[in-house]
Every structure is written in structure tokens, then in C-alpha cells.
Amino acid sequence: MTTPAGSAETNLPQTGPSGFDAHRPPERELLDDCVHCGFCLPTCPTYQLWGEEMDSPRGRIYLMDLVEKGEIGLSGPVTEHIDRCLGCMACVTACPSGVQYDRLLESVRPQIERNVERETSDRLFRNAIFALFPYKRRLRAAALPGALYQKMRKVPAIAKLAEKLPGRFAAMESLLPPVSVREAFAKLPAYTPAVGERRARVALLSGCVQDVFFHRVNEATVRVLAAEGCDVLVPAGQGCCGALELHAGREDSALARARREIAIYERLDVDHVVTNVAGCGSSMKEYGHLLSDDPEWAERAAAFSARVRDVHEVLADLEPRAPRHPFRGLVAYHDACHLGHAQKVRAQPRAVLRSIPDLQLVDLPEAELCCGSAGIYNMVMPEAAGDLGARKAANVRSVEPDVIVTANPGCLLQIGKYLKGDDDTDPIPLLHPVQLLDASIRGIPVPRS
């Protein structure tokens, strides 16, 4: 059996008749928790798209159960239906029985990556994604031709060529964020002191994609935390937290990144490790579980995860101190799936936004449905992601907001793509919530992005 790129372990022993290998297969107790009641169906994006039982959470659990019993193998339909899952965890929120679908998916995807040989084109495409996105230096190098391309993209002939790109490559091209070379190469200060009396001391994960293409969000985060009385440290040497790889089943490389981040942050005397990216925070809070069977790292990982907080959690725990200027407008808040469903952080972002005077906050219809971003999903499953993106954009337009905010770069890109008009402009500003709060504290106009 050929082991796909992205995994390290080969020839793992089989656990009796099971179709899973012996390394962290889905637990029988977790599989048995599902009573197939169907409460997950209305919140599952793929079931809503296709109405196919095997593309629902309970259907996928049924497939996992059959593999665990050795009645079917991992390849073919099982891989197909697991690949179609966005991993949004809306089903976890909806389930009255407490089924831990997140744990099940987390165990099955690495099994697929280790034991199923993908088609060559699929394997190469996925390898190309992971050869770029987790690496900040490579992303910065790509920013230079990216900025040039975006200028050339305005030439009609170039635009027509771009429109002829095949599915997955067209999806990647259309999701390219506005590239600023200045922003891509900017650096956050290693230490920013609290304004006034210090109330907390925190370390910020600057991230990979976030720091290169959404550096302005990191800058706003540092300013807001400092304005609210936090000393902010940005440790040197940090890199990707492993979230993208983890959510795609590339467990070995993801956990290697986790160990490196733990080693960097555990040396710091801080109250919290802060992240402003939903997917990153979700993974970092799981390090303790993911490394629980590693004798050298289990305690260190658990201690690290216990200190991880989303920026909205930190700000909501601190009574607002910095004066806010009013924002007179309607703001639509989109719950990023890995913030709302995975981390259960829902009230805090809304509380932070409501601290801005005169701001009117509104939730979106079908708020529980994913926008279609889901890590690399909108690149590897562009058609399904496109249907979900268009559906989310329609729901955004229905509330007629002045600004839309969400706490994940993938969501910002995905929603922005489907909100664009025929002239390729963004009719509604799309921001991270801390950008809106930063503008209110500083008394400046709300940025466009």
C-alpha cells in the first residue's frame, strides 16, 4: 500500500477485523453515541445541498461504524463522503445526544490520509496547497508575483484567460486576497505595552496566512488589546499552528507544528495565548487532547491549551476601559464555524461589538450553515463551496447591513467572493470584529477591509 504525502506512519497493524489501522481509530463508544435521530440534518451544509443520507453526520457515522466492524473498506464511498464533509461542527451544536462528531472526524481523516491512495491529480493539488500555506516565508515570496498578477488581472485579456482556468485552479485564483507587499512584509512589534494600568499580559499568535495577507487585523488586535490594558508579546520564531493540516487529516505534520508552538509559548510569562483566527484557536485548544498519548508532550500540551483564548474571550472578560466613538450603522455578525460551533464562543464577540455606541447588531438567517470556506474545502470542493458561498451571500444581502464582520480569514475571503458585484467591487465592507472596535477606539472611519 502506498502512503500518501503528508503522513509518516506505514504498515500499521490492523486491529482485528477493523478496516482502520491501530493508530487512534474512532472509538467504539463515540460511534455508539449516535442514535440517528436526525436533529443534525437541518444544520448540515452538505445534507442541505444534496439531501443525501451518506452526506449527513449520522450517515458518515454509519459509514465509520461499518469500517470499524470490517464490513467495508476506507477507500471509495467512505473517502468520498468524508471528503465532502466541511468539518463545520454545526452537528455537534445541534445534537441532543452529545455525539462528539468532531472527535470522530478528527480520527477518521488521518486514517484516510495514511491508508487511501488518492488520484494523482488530487494528491498533487493537495500537496501544492500544503507546500505553500503553512509557510510564512513562502507566502511572503508569493505576495510579490501575487501583487503583480492582481494589477495585470485588470487587463481584459488577462481577465478572460483567468476565467478559463479549470475548477480547482479557478477557485484558488478567485480567492486570492487583495495583496499588499507592504502589508505582507510588515512585522508586529515584539512587545507592546498596555495603555495605562496593566490588566493582563498576553502573547499573540500572529499566524501564517493571517499575518501575511491580513496583517492589518493583527495590527488592530495588538492596538485594541493594548488600549484595554494588556501587555502584548509577539514571540519570534512562531509559525503555523497546524490547523489547516489538522483539519485535512495530515496529523503528523500538524502535531509537529503543535509541539514547536508549545515550546515557544510555554517559556513566556503570560496570562493567555491569544488568537484572532477561529480555526487556529480551535486547533490550539485541542493540543492537550491531540497529544494526550505522547508521554513527553501530554502535560505540556494540556497546560498550553488551558491558556489559549480567542481575542473576544479576553476582551469580554475585561470591562471596556478605552473610550469608544459611535458607529451609526447596521452590523451583520457571521459566526465562523470554528469559533461558534467548535469553540462555543458566541456571546463574547457580540458583547464586544455591542460595546460600541449606537451600533446595531444583527444575526444572519441560516446562521448555523457554513459559508463554504472550511479550511481548504473551497479549493478542493469548489462546486459545493460555491453553492454555500452564494447562499451565505444571499443571506447577508437580505439583512442589508452597512458592515459585515466575522472572525476568520477564510470566511472573509469566501463571503467577499460571493458578495462581489459585476464590476468586481465589494459592495459591503468585510471586517474582523477587532477592526471595527479598533476604528471606534481610535475615532477613525471604518476601513473597507
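Me: Are the residues of strand β6 (residues 330–333) buried or exposed on each side?

Reply: In a regular strand the side chains alternate between the two faces of the sheet. Here Leu330 and Ala332 on one side of β6, and Val331 and Tyr333 on the other, are all buried, where buried means under 20% relative accessible area with a 1.4 Å probe and protein chains only. Strands are DSSP runs of E of at least two residues, and helices runs of H or I of at least four, numbered from the N terminus. This is a predicted model, in which local features need pLDDT of at least 70, side-chain atom pairs count only at pLDDT 80 or more, and totals for chains, interfaces and linings use all residues. Residues are numbered from 1 along each chain as its sequence is written, and side-chain values use heavy atoms, with hydrogens and water left out.

Me: Which strands are joined to β6 by bridges?

Reply: Two strands pair if DSSP finds at least two bridges between them. Four bridges join β6 to the parallel strand β7 (residues 360–363), where valine 362 is the bridge partner of alanine 332. Three bridges join β6 to β8 (residues 403–405), also running parallel, and there valine 403 stands opposite valine 331.

Me: Which helix gives the largest share of the lining of the largest cavity?

Reply: Rolling a probe the size of a water molecule over the atoms shows where empty space is left. The helix is α3 (residues 57–68), with three residues.

Definitions and conventions:
Buried < 20%, exposed > 50% of the residue type's maximum accessible area, 1.4 Å probe, protein only.
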